[in-house]
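The following note concerns the contact between two chains. Please read the points alongside the sequence and the coordinates.

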Protein chains: 2
Amino acid sequence: MKLQVTQENLHKALGNVSRVANAKGTLPILSNVLIKTDGKKLSISATNLDIAISHFVGSKVETEGSITVPARLMQEFISSLPSGTITLDLNDNKLNITAEHYNSTINGASAEDFPEMPEITDAKTFDIPARQFKAALQQVLMAASNDESRPVLTGVYLHVHEGKILMAATDSYRLAEKELGETKLESSLLVPASALQDLLRILGDEDGDINVSHDDQQVLFKFEDVQLVARLIEGKYPDYKTLIPSEFSHTATLPKNELVNITKVSSLFARESAGSITLNLDSSKQEVSIRSVASQLGENTATAAAAIDGDGSITLNSRYLLDALGAIDGDEVQIGFNSKLEPCVVRPTKQSDYTHIVMPLKS
Amino acid sequence: MKLQVTQENLHKALGNVSRVANAKGTLPILSNVLIKTDGKKLSISATNLDIAISHFVGSKVETEGSITVPARLMQEFISSLPSGTITLDLNDNKLNITAEHYNSTINGASAEDFPEMPEITDAKTFDIPARQFKAALQQVLMAASNDESRPVLTGVYLHVHEGKILMAATDSYRLAEKELGETKLESSLLVPASALQDLLRILGDEDGDINVSHDDQQVLFKFEDVQLVARLIEGKYPDYKTLIPSEFSHTATLPKNELVNITKVSSLFARESAGSITLNLDSSKQEVSIRSVASQLGENTATAAAAIDGDGSITLNSRYLLDALGAIDGDEVQIGFNSKLEPCVVRPTKQSDYTHIVMPLKS
């Protein structure tokens, strides 16, 4: 293998794929990146067996070939080089890397030992605008669970319901759902949140589409020069739609920033009580007040003017409320609930395509 | 105690002092800040018994008094409040804090149990421009040792030598020295580097002077509304001046950024060898090359054009060389040494008030 590639392109590709390479795993070659000529392109790939990412870069290929090299060293080395042309020249598993003023040899391992990228057969396929997909990930991912004991909740549920593409995640304490436009397809897949975190990290401000194709076991996301393959999670996703109330006996409508501010201050006094804060809706004063008590340290009451419909109170985890508010676009939010033990809905007043639910704590 | 203070001033003062408060110590009250009226001012203080910092802020005092409250909660709470007037009102060790929309009570502990700030008697005193002092700290502090088994090396040596105020630090592997102007005083003090780290953190871009006063046991730094007192380190500082060579048989002069770049890249291949890199000065090519070898991973050679006087090579710790280069002002540096076992001097070519020495490694 001998080829020329620009430092800028190689640097970007290594940055995108090498975080998936894992130096702590049991299989040493998984800490490497695979570098492989593919016609006039060079593919840079890494995998942890659950997720595989490939990034293709233009290059001037003199002779074809492939090799794997340590991902961390390769990435740090290439990112430290000045911009300009880099020559890669492979001799007996030794990769010579030459740039102006720099001459390096990195000892590689044969590409034959690198796990094959899984192939998807008989795929269903659809496109989603990349910007919209990225925004949806930012609004939904935080609600997925980290708890491996209930695998389905560690996934993000991408599915079609009544002609709408929906993205949903829940860890059973909160739930986020975002609409992604309409389709005539029927499709439903449960993608590991960790794979989507990797995808979100890579997504820039692309104007184009993300192509999603999947079979029963795997999903492939393609955009620009990047491909990400992930194993799907097996199992039935909870029928979360039934949890979302459509009417509320108590609502408060107020500027988002004011609710964020009083929630943040209140959370400082809620550390002893695992973040527990109590919201009180007062229709005569037309205000929301939040009270939090730290028995040893003190207590706090914070208030904000709000349009109140129906007096009432509910106790929430302040971190979950802040996560929900952080995910909402727009300047005004509405909090709605029916009783202090039923789900509390947090949503933007001006859009109807995003819903966030926080389950109440016992007060 | 009852008073009004602005959120901006109280926030700044708490930010400056509260990092010294330590929640992990054996004496619980040291995790508190002392809040105390002092005439028309309010003083905010914290101490870890080695260092004490006080910040004075203007306030409208209605009744005098003092209390201590948990530093972390108080700082985070005040920093979360909107700008504007805050009222502090003390009742039975409970500090009521009122701001628009916020009403809080923080449980305090009596100020009588808070350690007294040490007083300095019979002090020597001198002034140093704050900007110059700050720049010197940024150039010298990194060379002080963290190893408590040789306490004198954990200090920064501030002393007068032949009419010049000098600041020096060494951990025995490298040494940094900066001149701070002239004086007719005789003074010599060994200040804990940790206290100066705190001072550096607090120093903004003040135009004024820092007043330094000290007796045999303590030093007080005063500037604007801040006072920092530290215990001095006892013991005799090494006679480091004899280590600094005045002539060199090998020198390389080159743009600082180029030496930084080739050192950074070389250090990536030097991780297995504890950062060991070998600089080679070649007068016929008029270049410096740096070679580093990672037996498992590979090897690298990086070169940069330089004015060379005297061929030779020396092996250095790449981190120490990068620290030295990072501390140097100006665009051009000179590396000088006499043999591969003698100290290597790194200094700016255009100034003579800063010297950095890196001891070589055996190659």
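How many residues does the contact take from chain A, and how many from chain B?

1. The model is a predicted one. In it, chain A gives 29 residues to the contact and chain B gives 28 residues.

2. Between chain A and chain B, an area of about 2500 Å² is buried, and carbon and sulfur atoms account for 53% of this area. On the side of chain A, the three residues that contribute more than any other three are Leu73(A), Tyr102(A) and Leu297(A), which supply 21% of the area that chain A buries against chain B.

3. Polar interactions also cross the interface: 16 residue pairs, with both residues at pLDDT 80 or more, are in polar contact between chain A and chain B. By class, the residues of chain A that touch chain B comprise 12 nonpolar, 13 polar and four charged residues.

4. Two salt bridges are counted between chain A and chain B. One of them joins the side chains of Glu76(A) and Arg271(B), at 2.4 Å from N to O. As to secondary structure, the elements of chain A that give two or more residues to the side touching chain B are α2 (71–80), β9 (102–107), α5 (256–268) and β21 (298–305).

5. Strand pairing links the two chains as well. β21(A) pairs with strand β9 (residues 102–107) of chain B in the antiparallel sense, over five bridges. Within this pairing, Asn300(A) has Ser104(B) in β9(B) as its bridge partner.

Technical notes: Residues numbered from 1 in each chain as written. Chains lettered and ligands numbered in written order. Predicted model: local features only at pLDDT ≥ 70, side-chain atom pairs only at ≥ 80, totals over all residues. Heavy atoms only, no water. Contact = heavy atoms within 4.5 Å. Buried area = accessible area lost by both parts, 1.4 Å probe. Salt bridge = Lys/Arg side-chain N within 4 Å of Asp/Glu carboxyl O. Polar contact = N/O pair within 3.5 Å; in protein donor to acceptor, adjacent residues only side chain to side chain. Helix = DSSP H or I, 4+ residues; strand = E, 2+ residues; numbered from the N terminus. Nonpolar A, V, L, I, M, F, W, Y, C, P; charged D, E, K, R; others polar. Pairing = 2+ DSSP bridges.
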